[in-house]
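Please have the sequence and the coordinates open as you read.

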Amino acid sequence: ELARFFGIIIRMFAEPRSQHSRPHFHAYYQDEVAVYAIDKIELLAGSLSPRQRRMVEAWAEIHLDELQEDWERLQAGFTPYKIDPLR
């Protein structure tokens, strides 16, 4: 888990034996799940309510460098750093 804000949980996963094709993170809100690319903040799969989608996208834009660093850490087998929540 990288961050938690306004009921939204942001997570990132590593698959040690296989390379993901594109760096991404997962956003969870109640029963909704969305997957966002990091290289260009873009919805890849799933959906969130419009308000939550705007918050996640704004948060991701603010923390783009940290998301990329966490992706690289996870793929190298290290624990990701926590990222400040949206306030």
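## Terms and model

Two strands pair if DSSP finds at least two bridges between them. Strands (E, at least two residues) are DSSP runs, numbered from the N terminus. The model is predicted, and local features need pLDDT of at least 70, side-chain atom pairs count only at pLDDT 80 or more, and totals for chains, interfaces and linings use all residues. Residues are numbered from 1 along each chain as its sequence is written, and side-chain values use heavy atoms, with hydrogens and water left out.

## The sheet as a whole

Let us begin with the overall layout. Five strands make up an open sheet in the order E1-E2-E3-E4-E5, with antiparallel pairing. Strand E1 (3–5) and E5 each have a single partner strand and stand at the edges, so one side of each lacks a neighbour in the sheet. On average, neighbouring strands of this sheet are turned by 25° against each other, direction ignored (axes are lines fitted to C-alpha atoms, and angles run from 0 to 180 degrees between N-to-C directions).

## From E3 to E4

Six bridges join strand E3 (residues 24–29) to strand E4 (residues 32–37) in the antiparallel sense.

## From E4 to E5

E4 also pairs with strand E5 (residues 42–46), in the antiparallel sense and over four bridges. Here the bridge partner of Ala 37 is Glu 42 in E5. E4 and E5 form a hairpin too, with four residues between them.
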